[in-house]
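Q: Got a model open here and want to go through a few local details. Can you take a look with me?

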Amino acid sequence: MNHRNGFNPLSRTSAHRRAMSRNMVTSLFRYERITTTKSKALEVRKSAEKLITRAKVDSVHNRREAAKFIQDARILNKLFTEIGPRMKERNGGYTRVLKLGYRQGDAADVVILELVDYKLEDTSADEEKPAAKKAAAPKAKKAAPKDSSAEPKAKKAASKKDASEKKEEASAE
């Protein structure tokens, strides 16, 4: 019996379906999070999880098999050097589908398809970088006025010394 071994053709020709699936999987690995419809996400997830399983073992054969599906060399490299090793301890379930609601135009279910560890790495890195830049920028601004204000103080002190010297010379005469 061939129960539950089918797929959703998504009302597209096989060439269109294959191209769309490749593009969406490549985008998933590039951004690690994509927004799409529920039916597309469930189909793309199958391909993505199979590729991540291959990427856990970095061999020439696995790279060539994945390269049949992913055409972008940088994304293929990212899959095998970053994503695969991150998922080394997992035995599957590399992606998650989060429901967003319904699309305005056609009321299709809209979801977010993301890698399971998306929030752990991306949000913490994004939060640290702007905070460091914001903290560094005011320090630089504060340092510049202090230097410029130090110069007038030094000039005032020098002018006071000159004035006191002139008074001493005048009193000496």
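Q: Is Leu 10 buried or exposed?
A: Leu 10 counts as buried, because its relative accessibility is 10% (buried is under 20% relative accessible area, exposed over 50%, partly exposed in between, with a 1.4 Å probe and protein chains only). This is a predicted model, where local features need pLDDT of at least 70, side-chain atom pairs count only at pLDDT 80 or more, and totals for chains, interfaces and linings use all residues. Residues are numbered from 1 along each chain as its sequence is written, and side-chain values use heavy atoms, with hydrogens and water left out.

Q: Where is Leu 10 found?
A: In the segment before α1 (14–31); helices are DSSP runs (H or I, at least four residues), numbered from the N terminus.

Q: What about its phi?
A: Phi of Leu 10 is near 55°, a positive value in a residue other than glycine.

Q: And Ser 11, buried or exposed?
A: Ser 11 is exposed, at 79% relative accessible area. Its phi is also positive, near 55°, and Ser 11 lies in the segment before α1.

Q: Switching topic: how do α2 and α4 cross?
A: The axes of α2 (residues 38–55) and α4 (residues 73–86) come within 8 Å and cross at roughly 90°. Axes are lines fitted to C-alpha atoms over the stretch in contact, with angles from 0 to 180 degrees between N-to-C directions. The two helices are therefore roughly perpendicular (65 to 115 degrees).

Q: Which residues meet there?
A: Leu 51, Ile 52, Arg 54 and Ala 55 in α2 meet Leu 79, Phe 80, Ile 83 and Gly 84 in α4, with contact meaning heavy atoms within 4.5 Å.

Methods:
Angles under 35 degrees count as roughly parallel, over 145 as roughly antiparallel, 65 to 115 as roughly perpendicular and the rest as oblique.
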